[in-house]
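Please keep the sequence and the model in view while reading.

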Amino acid sequence: MDGLRYFLIPVMTLAGAIGFMLGGTYVWLGAATFPVLMALDILLPADHKMRAQGTALAGDLAMYLQLPCMILLVWAFARSVATGINPIIGADSSAWQLAGSLISLGWLSAVPTLPVAHELMHRRHWFPRYVAKCLSAFYGDPNRDIAHIVTHHVHLDTAKDSDTPRRGQTIYSFVFQASWGSYKDTWEKSAEILSKLGHAPLGWRNPVWLLPLLSGGIIAFVGLTAGLAAALTAIGAMIMAKMFVEGFNYFQHYGLIRVEGEPIEVHHAWNHLGAIVRPIGAEITNHINHHLDGHIPFYALKPEPQAPQMPSLFLCFATGLIPPVWFRYIAQPRLKDWDERFATPGERKLADEANAQAGWPRWLASA
């Protein structure tokens, strides 16, 4: 069962594909997985167990199935438009079906696609890393691995990391910060490496060309198959997926602080150890153990229940969309606990300054 639970990943994606094939209101089937999984993740007890030995084969199979499932999902969406099963164009257009197609495609292009891409981009072999790039193309960032590995894993929880949100920052501003940071870091690091090797920064060797090639290829396929309206919907879904992806980062590092140059320790990431989010997130929510060693495969990560914890990631996302609720009831209480129980003296000084800058209570000022 430890290995089979990861098949929730392709099952989610196949549900969306089946919805597109059935058409009509069924195009919402992919989007409907969010409230169902959210309810289960909140209601079920937290999962603090290590995965059993021998889960690697089944777990990896579930990971590699995600790419063909995503190809099927996009094909099913394009087919639903082209054949009129989902009449989002023409006289019979339905705003309800258009919204369902957009949200289902956007949601599934991010979750569970991002967690699989994240897992595979950390593998040492070239094949899984290229599968990760192909998967990342569905949310418009096929080179996410470059910025993630060379910037995020190095500068975690510091001002140099665009994937670490500041205290008081809303999810709405953060998704733009993280998106810009990802593209910017990818360009700068790729150009730097190519220049050192004596190659032109904009030559064919630069991986930035994968963006128009892979992500653009997805949009072109949909457009050629189903027309302009479908292509515009695919673009909208890709943008939405990118926002979901960066929102994922928002809740795993929100407000945390590390003194630049100090080692990464067990308190430098939030963990979400829900019984549902762990398998569909390919254990990415078992987060600090991953940052302590990025090459440990997902099924071998050790849960750290004694490390800083957040409630269900689904609940965090829902409240994060209403910043005052997120700040008051989740972010501030947990950061206060983090500052008082986990932070080093140097981190406490920076945390107090961050609280003052955010206009938050100065709970460390009188400590």
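A search of the whole structure finds 23 aromatic pairs, where rings of Phe, Tyr and Trp (its six-membered ring) pair if their centres lie within 6.5 Å. The model is predicted: local features need pLDDT of at least 70 and side-chain atom pairs count only at pLDDT 80 or more, while totals for chains, interfaces and linings use all residues. Residues are numbered from 1 along each chain as its sequence is written, and side-chain values use heavy atoms, with hydrogens and water left out.

**Aromatic rings**

- A pair of aromatic rings is described by the distance of the centres and the angle of the planes.
- The rings of tryptophan 360 and tryptophan 363 have centres 6.3 Å apart and planes at 40°, so this pair is tilted; planes under 30 degrees apart count as stacked, over 60 as edge-to-face and the rest as tilted.
- Tryptophan 360 and tryptophan 363 are both buried (buried means under 20% relative accessible area, exposed over 50%, partly exposed in between, with a 1.4 Å probe and protein chains only).
- Lysine 242 places its charged end over the ring of tyrosine 183, 5.1 Å from the ring centre (NZ of Lys or CZ of Arg must be within 6 Å of the ring centre and within 35 degrees of the ring normal).

**Helix packing**

- Helix α3 (residues 56-82) packs against helix α6 (residues 126-136) at an angle of about 35°, and their axes are 10 Å apart; axes are lines fitted to C-alpha atoms, for helices over the stretch in contact, and angles run from 0 to 180 degrees between N-to-C directions.
- Helices (H or I, at least four residues) are DSSP runs, numbered from the N terminus.
- The contact (heavy atoms within 4.5 Å) involves Tyr64, Gln66, Leu67 and Met70 of α3, together with Phe127, Pro128, Val131, Cys134 and Leu135 of α6.

**Backbone features**

- Most residues other than glycine have a negative phi, and most peptide bonds are trans.
- Valine 111 and proline 112 are joined by a cis peptide bond, with omega about 15°; proline 112 lies in the loop between α4 (95-110) and α5 (113-121).
- Aspartate 157, in the loop between α7 (144-155) and α8 (171-196), has a positive phi near 65° and is buried, with a relative accessible area of 3%.
- Glutamate 283, in the loop between α11 (277-280) and α12 (287-292), has a positive phi near 65° and is buried, with a relative accessible area of 0%.

How values were computed:
Helices (H or I, at least four residues) and strands (E, at least two) are DSSP runs, numbered from the N terminus.
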